[in-house]
Number of protein chains: 2
Amino acid sequence: MFFIYICKKKSNIMRYKTDQATEERIKDAAGTLFTLKGYSSTTMRDIAAQAEVNLALVNYYFRSKENIFKIIMREKIQTFFNSIFPYLFDEQTSLQEKFTSVVEKYINTISQDPNLPLFVFGEIQKNPEEISSLFPMLASHNDILRESSFFKQLHKINPHLNPFHFILNFLGITIFPFIASPLLVNFGMESSENMKTIMEERKKLIPQWMNQMLLIE
Amino acid sequence: MFFIYICKKKSNIMRYKTDQATEERIKDAAGTLFTLKGYSSTTMRDIAAQAEVNLALVNYYFRSKENIFKIIMREKIQTFFNSIFPYLFDEQTSLQEKFTSVVEKYINTISQDPNLPLFVFGEIQKNPEEISSLFPMLASHNDILRESSFFKQLHKINPHLNPFHFILNFLGITIFPFIASPLLVNFGMESSENMKTIMEERKKLIPQWMNQMLLIE
DNA sequence: GTCTATAGAGAGATAGAC
DNA sequence: GTCTATCTCTCTATAGAC
């Protein structure tokens with residue numbers, strides 16, 4: 001009895017420290033691998049190895065591969081949209097301020113996790129209904145973008161063109177460089193170090209380009 | 001003997017018609033599934049079912065999954081680059097002409113296979129060295145883009161900015177809409193029918209936007 | 001060429017010891 | 001909580017009949 005008591009106590013103390021660290025390590029490993037290789041190419045054994053834990057532990061903490069993926073996916077999409085959405089709906093800021101703050105925030109976020117855009121768009125392509133189930137709010141209320149302050153401001157400045165064009169342009173020139181960078185490195189574009197400085201330059205340039213584009217009728 | 005002769009003859013006649021059709025059907029099925037779901041999420045059984053043939057036949061014609069994937073991948077990348085590259089290196093055309101002809105050609109090509117960009121960039125992210133092995137020409141000669149007529153013309157018109165910025169912008173506003181469309185449909189952007197008209201509008205708009213952007217120093 | 005049947009490898013998941 | 005061992009399923013690939 002005494003022995004068991006001691007062990008239990010020790011195990012409880014350990015748990016508080018170790019468990020959190022282990023769970024977090026597994027989640028980090030899964031996040032890295034999923035964003036890099038996608039759902040199907042990532043195995044539970046990969047995740048265990050990357051997290052330096054036993055395979056059984058991954059199931060112990062997260063029950064199933066599908067479950068751990070959903071958790072990761074939800075967080076990643078959250079990160080992805082949170083760096084844009086709050087700004088787009090802010091009625092207090094000007095179009096200019098939106099351009100600069102979204103670009104700044106977005107490039108900072110993605111720089112820390114450059115595979116994020118390709119992961120998000122890729123998984124949405126593979127499983128379009130998934131995003132609706134993750135964010136039912138969007139499915140039910142799907143004019144959300146059209147009713148944003150951003151959309152209205154774009155329309156006011158240039159009523160001749162569908163504001164979606166400008167949104168596509170804005171996201172395109174901001175996000176696409178991250179999507180294309182592995183390819184462009186092959187074409188002698190930039191080493192991954194230079195990619196960083198390129199993106200820093202673009203923080204200032206993108207708002208200017210957007211202003212120029214708005215002039216067209 | 002006579003029986004065998006007849007059968008052989010019949011089988012040869014059949015082969016000419018049937019085999020080509022079967023092989024083509026398998027390749028089409030594989031192409032569709034790979035571009036939609038990626039390498040790992042696509043099974044040989046999927047391909048067989050989609051092509052309406054027996055599983056063993058897929059291996060009969062293409063030997064292995066990896067092999068059929070390489071064949072598809074090579075063709076898709078070929079299509080992808082052929083809609084851009086010849087124009088970029090043409091010394092005879094002006095920058096304006098390049099903008100319009102690349103946009104026209106590219107949007108037409110991708111419209112027939114909207115998943116192509118995400119597939120190409122996704123697989124390159126998963127396996128960056130693969131493209132070098134598929135196109136050794138690029139690996140050995142990787143200043144290819146920098147030496148293009150397009151690059152030089154951009155530099156001449158705006159010497160203050162790295163031409164890669166404009167190339168990123170150009171590809172971004174052209175390609176990104178296809179990458180983002182499954183997502184934007186969720187945000188009430190456009191039904192897939194309207195996506196077609198949106199892209200038609202962009203054929204004319206993109207060259208104009210590019211001109212505007214070039215003005216910035 | 002096309003099919004059925006199956007070998008063989010690798011995946012996700014869990015039981016049970018510690 | 002963590003590990004070893006194993007079950008079960010599905011996948012790729014092929015052998016062999018027609």
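**Entry 1: secondary structure of chain A**

I counted the elements of chain A in this predicted model and found 12 helices and zero strands. Read from the N terminus on, the elements run α-α-α-α-α-α-α-α-α-α-α-α.

I then looked up burial and contact range. Of the 217 residues in chain A, 49% are buried. For contacts in chain A between residues at least 6 apart in sequence, I noted that 67% join residues at least 24 apart.

**Entry 2: helices α10 and α11 of chain A**

I examined how two helices pack, since two packed helices are described by the angle between their axes and the distance between the axes. The crossing of α10(A) and α11(A) is right-handed.

Which residues of α10(A) and α11(A) meet? From α10(A), I listed Phe150(A), Phe151(A), Leu154(A) and His155(A). Their partners in α11(A) are Pro163(A), Phe164(A), Phe166(A), Ile167(A) and Phe170(A). Sorted by class, this contact of α10(A) with α11(A) holds eight nonpolar residues, one polar residue and no charged residues.

**Entry 3: Met199(A)**

I next turned to Met199(A), which is found in helix α12 of chain A, residues 192-214. Is Met199(A) buried or exposed? Its relative accessibility is 2%, so Met199(A) counts as buried, the limit being under 20%.

I looked up the contacts of Met199(A), leaving out residues up to four places away in sequence. Met199(A) touches Ile107(A), Thr174(A), Pro177(A) and Phe178(A). I also checked Met199(A) against Leu161(A), 38 residues apart along the chain, and found their C-alpha atoms separated by 28 Å.

**Entry 4: chains A and B**

Finally, I considered how the chains are related. Two copies of a chain are related by a rotation about an axis and a shift along it.

I then compared the interface residues. Of those in chain B, 100% are also interface residues in chain A, so the copies meet through the same surface.

Note on methods: Residues numbered from 1 in each chain as written. Chains lettered and ligands numbered in written order. Predicted model: local features only at pLDDT ≥ 70, side-chain atom pairs only at ≥ 80, totals over all residues. Heavy atoms only, no water. Contact = heavy atoms within 4.5 Å. Left-handed = near helix turned anticlockwise from the far one by under 90°. Helix = DSSP H or I, 4+ residues; strand = E, 2+ residues; numbered from the N terminus. Nonpolar A, V, L, I, M, F, W, Y, C, P; charged D, E, K, R; others polar. Buried < 20%, exposed > 50% of the residue type's maximum accessible area, 1.4 Å probe, protein only.
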